[in-house]
Amino acid sequence: MLQTITTFLDGFGLLVFATSGALVASRKEMDIVGFALLGTVTGIGGGTLRDVLLGLTPVFWIENPTALLVCVAVSCVVFFTAHIPQSRLRLLLWFDALGLALFAVTGAERAMLAGAGPVAAVTMGVITATFGGMIRDVLGGESPMILAHEIYVTAALLGSTVFVGLVTLGVPHEAALVSGFCAGFALRGAALHRGWSLPRYRPRGISD
Amino acid sequence: MLQTITTFLDGFGLLVFATSGALVASRKEMDIVGFALLGTVTGIGGGTLRDVLLGLTPVFWIENPTALLVCVAVSCVVFFTAHIPQSRLRLLLWFDALGLALFAVTGAERAMLAGAGPVAAVTMGVITATFGGMIRDVLGGESPMILAHEIYVTAALLGSTVFVGLVTLGVPHEAALVSGFCAGFALRGAALHRGWSLPRYRPRGISD
Amino acid sequence: MLQTITTFLDGFGLLVFATSGALVASRKEMDIVGFALLGTVTGIGGGTLRDVLLGLTPVFWIENPTALLVCVAVSCVVFFTAHIPQSRLRLLLWFDALGLALFAVTGAERAMLAGAGPVAAVTMGVITATFGGMIRDVLGGESPMILAHEIYVTAALLGSTVFVGLVTLGVPHEAALVSGFCAGFALRGAALHRGWSLPRYRPRGISD
């Protein structure tokens, strides 16, 4: 049951992140190989770094290439359909938000299974959630979402903290996964919808 | 025999990629340590990521530092001779093309030896072939070749697919390595020579 | 005794690099989560890459999250106090110089303990010393120090070479660590103070 939920959330995250990568490729008017590259890197990037840091090598897509094939397939579909949605940027932001919230909990879950404590598990959730999108933005020449002034990393942090906190309190993993995902997605969604941001540092009389 | 061919192709890839890194350093008018840094990162970058993802750690140049010393030596030679060729950019592009085709097959070969299946091996060939050049371009402040509209990743993909395909069909590794290299280099060379590119995504009536 | 010195130097490096990351966040007027992100990435980035390349996984902060908590705490302190120093840029440069010299020796020491030879150990020192700052500069949108024309990588190289050289000559690790740190910091400090740089490559009559 837990295995099923984790696999489902992980697969869903892969799909939406691969789509977001292919959408960036469409904004940059790349060719179909560029779509496949950006879709795949975005879809598997976070999980790959997670596995490397945890020492779970060969990384997940070497043992089982389904993830790679899914990313390539999604990217090809986007290549031929990206003109349909009214706003590709809007779709990109929302798919990215979904992926962020999904990988924040599944990344933390995988870290806990590998023996990480609460602080390391939360950190690993944030890394898994943000790294794929970060490479996508750097490779695609977009301004990195991770540096956007709207709440972004904070939402991943909330999601993985809620998940790890509930598990530590004895809540079953299934409920904790869903709660963490909902918390992270609700916060990022609200930030997108209402332009929420945290107070920023303000320099006082210095300018370098 | 196979060992000898792989070692030769791998060493040759190291040489040409290190040269391409040092040529970027020359274009940016760096000092000799900058040359060594960029030459070394470009030469060993792809193979390092390959080893990390496959779990073959400590990575290859920790066990045997020859690769490091070769990269540093090549970079120093380029520091004193980069003014000789008529066009450093042209030389850079062709050395990069050679390295791309060489590492596409040796990267896939190493992945197969480590137990990866065909899809993962092809992916690993592409990663090994493109990652060193990508860091070179990012660190050197060049526009990344991986995003060029001319065929680039596609050539690496062709080379490693031909190699993995032939091996899967039962062709001896030696012949498959050479065939894959020739296919990848021919495609990249033709793209450079004739400006070939794949059809790009064209947005239809939307602009974000 | 050696253990104590290494732990002290490593912890000190973490503190100053985390501070330098948070100072970059202050220059970019980020929110407190941005401070924590940039401080943490800068503090643990070099050591994380070092552990991954050496195969020492799970990486150090998964086993023991103290490093993460220290980085977050330092970043929060900087968020509320960054307006106090007269020049944040100057402070950033000097903290970065300290971290560079500290991690150049502790990175090489950890590599030697893991069985690396002299050349690989020196390389690992340079990587540990420069990688955190490199991610900081890329993520923070600063011009990368690693590419500055003032002596930078050279100082890390000197520090780790002095350390590895002295150890190879039979000097006790404690004395070698301190000597390497002093050599690296003195060179980087002098370069900052006096604007020292190495001679740069000069093209002769070509311009591409």
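Helices (DSSP runs of H or I, at least four residues) and strands (runs of E, at least two) are numbered from the N terminus. The model described here is predicted, and for that reason local features need pLDDT of at least 70 and side-chain atom pairs count only at pLDDT 80 or more, whereas totals for chains, interfaces and linings use all residues. Residues are numbered from 1 along each chain as its sequence is written, while chains are lettered from A and ligands numbered from 1 in the order in which they are written.

Chain A contains 8 helices and 0 strands, and its elements accordingly read α-α-α-α-α-α-α-α from the N terminus on. Along the principal axes, the C-alpha atoms of chain A fill a box of roughly 55 × 50 × 30 Å. The radius of gyration, taken over C-alpha atoms, is judged against a globule rule of 2.2 Å times the number of residues to the power 0.38; chain A has 17 Å, in agreement with the value near 17 Å for a compact globule of 208 residues. A residue is termed buried if 20 or more other C-beta atoms, placed from the backbone, lie within 10 Å of its own, exposed if 12 or fewer do, and partly exposed in between; of the 208 residues of chain A, 59% count as buried. Two residues are in contact if their C-beta atoms, placed from the backbone, lie within 7 Å, and of the contacts in chain A with a separation of 6 or more, 74% are between residues 24 or more positions apart.

The relation between the chains was examined by least-squares superposition on the C-alpha atoms of residues with pLDDT of at least 70 in both copies. Chain B is superposed on chain A, with an RMSD of 0.0 Å, by a rotation of 120 degrees with 0.0 Å of shift along its axis, and the C-alpha of chain B nearest that axis belongs to B:Val52, at 4.1 Å. Chain C can likewise be laid on chain B by a turn of 120 degrees and a shift of 0.0 Å along the axis, with an RMSD of 0.0 Å; these two copies are thus related as by a three-fold rotation axis.

In the pairing of chains B and A, 24 residues of chain B are in contact with 24 residues of chain A. The side of chain B that touches chain A receives two or more residues from each of α2, α6 (118–140) and α7 (153–168) of chain B, and its residues divide into 15 nonpolar, 5 polar and 4 charged, where Ala, Val, Leu, Ile, Met, Phe, Trp, Tyr, Cys and Pro count as nonpolar, Asp, Glu, Lys and Arg as charged, and the others, Gly among them, as polar.

Helix α4 of chain B (residues 66–81) has 16 residues and reaches 22 Å from its first C-alpha to its last, close to the expected 22 Å, the expected span being 1.5 Å times one less than the number of residues. Its buried residues are B:Ala67, B:Leu68, B:Cys71, B:Val72, B:Val74, B:Ser75, B:Val78 and B:Phe79. Seen down the axis of α4(B), these buried residues fall within an arc of 165 degrees and so line one face of the helix, the arc being that of the directions from the helix axis to the C-beta atoms. The face turned away from the buried side of α4(B) carries the exposed residues B:Phe80 and B:Thr81. The cover over the buried residues of α4(B) includes α1 (2–27), α2 (32–54) and α3 (60–63) of chain B, together with α6 (118–140) of chain C.

B:Gly107, in helix α5 (residues 88–113) of chain B, counts as buried, with 32 C-beta neighbours inside 10 Å. Beyond its neighbours within four places in sequence, B:Gly107 has contacts that include B:Gly46, B:Arg50, B:Met124 and B:Ser160.

Most residues other than glycine have a negative phi, and most peptide bonds are trans. C:Glu29, in the loop between α1 and α2 of chain C, has a positive phi of about 50 degrees although it is not a glycine, and this residue counts as exposed, with 12 C-beta neighbours inside 10 Å. The peptide bond joining A:Thr57 and A:Pro58 is cis, with omega about -5 degrees, and A:Pro58 lies in the loop between α2 (32–54) and α3 (60–63) of chain A.
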